[in-house]
Amino acid sequence: MPLRLEGVTKRYGARTVLDGVSVEVPPGITGLVGPNGAGKSTLVRAILGLVRLAAGSARVYGLDPATVPLAVRRRIGVVPEDDCSVPGLSGVEMVQYAARLSGLPSTEALRRAHEVLDWCDAGQERYREVETLSVGMRQKVAFAAAIVHDPDLVILDEPTNGLDPLERRAMLGRLVALARDHGKTILVSTHVLRDVQSICDRLVLLVRGRVRLAGSIAELTGTDTDELRLRGAGPTARLVACLTAHGVAAREAADGGGVLLRAADTAALHAVWLAAHDAGFAVESLAADRRPLEDVFLAALAAADAADAGRPEDEGRSHAPA
Amino acid sequence: MPLHDVGYRPWTGTPRSRGAAAVIAGTGIRLAFKSRWLRRVLLFAWSPALVFAGGFFAFEQAVEESARGEPVSPTRRLDNFGTIGALVADSLGGRLDEPEAARRTVWSRLLLAFMRAPQAVLLAVVVGLVAPKLIAGDLRARAWLVYFTRPLGRTDYILGKVLALAAIVGLVTLVPALVLWIVGVLVSPSVWVAVATSDLPLRIVAAAAAVTLPTVLLALAYSSLTAESRIATFAWFATWVACWIAHGALTGADMAAEAARAPTANRGFDRLLGQVAGDPRLPRDGRPPLGWLARAAGLERTVDRWSWLSLYHAQGIVQAWIFGIEDRLAVVLPPLLALLAVALVSLVILFRRVDAPARA
């Protein structure tokens, strides 16, 4: 297991920032989500061995960040949320510098810096000082600096912040490529649930320093049944009757969002189209019935608020809508 | 898509586990030299070396003329270098009739005067230009996120910054002093002078280290305390000037008290007028012709009780001790301890501050 946290607790004075966090991050892309102040940044610092834990332990590829932080950091690449650069360095110098700090020889560091910047589509902008670059370009440089030493685990904090839609899609594509084609483990801390749903295999929800939800996206957004949801325009009651007549088990969705049905094979799907035709129902989509991740997120937050109600240290930190 | 995009490829090399400090130092030096002002100040900082090189040449000329039996005296017309050399030797307590002993004495004192008088002041300027940005700039640009997410620790970071600044300081103190010694050897009558004075390069290195270590650590400690390099620059120069003023005021008060006790002798104010007394090696009435040079060369025999208060004066006395010119423990110990304390406290501040944002 690339990353394993067991009962990780971190306190700053009387304030508990991480409270017994236990989570496993397998290879692939894992989304770390949570409201502001949930403890995501502190968790990343704990993984890097930058903070001393009050209790619990972390293991990165079996290494303990508390005892061998440098060995751990050699296997990690980090893209911080905040702008960070070494004043006076150009984009390519910055990436080369990051590579050299990670132990690459000078010439090799320069070659590798250009290679990853090419992959990030950095263009000639790489020769300008980092402070003068656009937000999107700075994000590319930060990403290139994080992966230049070919780390096994890449941690990204809000990697799509400030990116236009095209660049955002390209950045997410790079993450998927790193995970799928090169077997990297990627931990993405973000607020953008759409990104999490589109690229992540797993999700960890952190609220007030505690893990409230962890599991695969399919598990978390799926329903208990293997139903499909048929959406479109037309009389749903008549559609249900026609589907039943064609031997397909169906019912109207309680939330009013179309019809839920079971279609186990191709013949059943064919019957669905015939039933829709007979009922005069214009089909817009037929897909596995999944809950939006946002609904899962909000439900988990509400559950966390309810569970924490009355805890003195959590007073005034509720996320319930006013 | 760029022409050279080969996609993402794994890196199969073996990373070095050491050398991060050297990488930080190299980059720090390269970035510092982007400043036009630093390049100008460094160029200017070498100009006193030309004057002192002239002093070495003049002294060796005087030694040579003396060896030939030519009369070399400060009372002669100042129409050749030998005469100036005799003045230098006279001021620094070197007797030309004993050339070997005189050479050791005069060279040591010339080197000390060079490192103490112009270079120590120029060093403060150079450090004030470079040091504040080294760590404060990193804090401002949040560069600590670049450093401390990589396989390097506080020691590597601090060592890298210290090496970067020390290398630049070395260009003002160590390198020109070593060049002066080489010039001295080249203008001397025999290359064997290099062997006879072979301890001087080591003393130069030690004296440069005595200057470099506390100043560099103190300046970096200031830099680590703020993200605004201007504040660190102000603190650096304010410390330098305030210590100097405090030292001057207390020394002046001592001299005034001394003058009040013995108004006829008035030795305290004599010192202010450039007269140096008390060294048995000095000629005639103990008043050397080049009083400022003698003072810079540590020939003042009065005890400076307040030297530990001022970085400049403390370093001067420790350097005089390293060059073998000052040998009184009561004089050397307070400034030596003060410099050690400055270095230690600065080091503690640095270790506590450099990765504080990463730990917060």
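Predicted model: local features only at pLDDT ≥ 70, side-chain atom pairs only at ≥ 80, totals over all residues.
Colleague: How is chain A divided by the domain assignment, and how far apart do the C-alpha centres of its domains lie?
Modeller: The assignment gives chain A a domain 1 covering 3-221 and a domain 2 covering 228-288. Between the C-alpha centres of these two domains of chain A, the distance is 44 Å.

Colleague: Which strands form the open sheet of 3 strands in chain A, and what is its average twist?
Modeller: The strand order in chain A is β2-β1-β4, with antiparallel pairing. The edge positions belong to β2 (15-25) and β4 (55-60) of chain A, each of which pairs on one side only. From one strand to the next, the twist averages 20°.

Colleague: Over how many bridges do β1 and β4 of chain A pair, and which residue stands opposite A:R4?
Modeller: Strand β1 of chain A, residues 3-12, pairs with β4(A) in the antiparallel sense, and the pairing extends over 5 bridges. Within β4(A), the residue opposite A:R4 is A:R59.

Colleague: Which helix lies across β1, β2 and β4 of chain A, and at what angle does it run to β2(A)?
Modeller: The helix is α1 of chain A, residues 40-48, which lies across these three strands. Relative to β2(A), helix α1 of chain A runs at about 65°.

Colleague: Why do β11 and β13 of chain A each have one side without a neighbour in the sheet?
Modeller: They belong to an open, antiparallel sheet of 4 strands in chain A, ordered β11-β12-β10-β13. Neighbouring strands of this sheet are turned by 25° against each other on average, direction ignored. One side of β11 (250-252) and of β13 (282-288) of chain A is left without a neighbour because each stands at an edge with a single partner strand.

Colleague: How many bridges join β10 to β13 in chain A, and what is the bridge partner of A:G232?
Modeller: Strand β10 of chain A, residues 228-233, runs antiparallel to β13(A), and 6 bridges join the two. In β13(A), the partner of A:G232 is A:V283.

Colleague: Which strands does helix α9 of chain A touch, and what angle does its direction make with that of β11(A)?
Modeller: Helix α9 of chain A, residues 236-245, packs on the sheet and touches β11 and β12 (259-261) of chain A. Its direction makes an angle with that of β11(A) of about 170°.

Colleague: How many helices and strands does chain B have, and what percentage of its residues are buried?
Modeller: Chain B has 17 helices and 0 strands. Among contacts in chain B with a separation of 6 or more, residues 24 or more positions apart account for 76%. Of the 360 residues in chain B, the buried share is 46%.

Colleague: Which helix supplies the largest share of the side of chain B that touches chain A?
Modeller: In total, 34 residues of chain B are in contact with 35 residues of chain A. The chain B side divides into 18 nonpolar, 8 polar and 8 charged residues. Helices α1 (20-32), α6 (118-140), α7 (144-147) and α17 (356-359) of chain B each supply at least two residues. The largest share, 4 residues, comes from α1(B).

Key
Residues numbered from 1 in each chain as written. Chains lettered and ligands numbered in written order. Pairing = 2+ DSSP bridges. Axes fitted to C-alpha atoms, helices over the stretch in contact; angles between N-to-C directions. Contact = placed C-beta atoms within 7 Å. Nonpolar A, V, L, I, M, F, W, Y, C, P; charged D, E, K, R; others polar. Domains from an automatic or database assignment. Buried ≥ 20, exposed ≤ 12 C-beta atoms within 10 Å, placed from the backbone.
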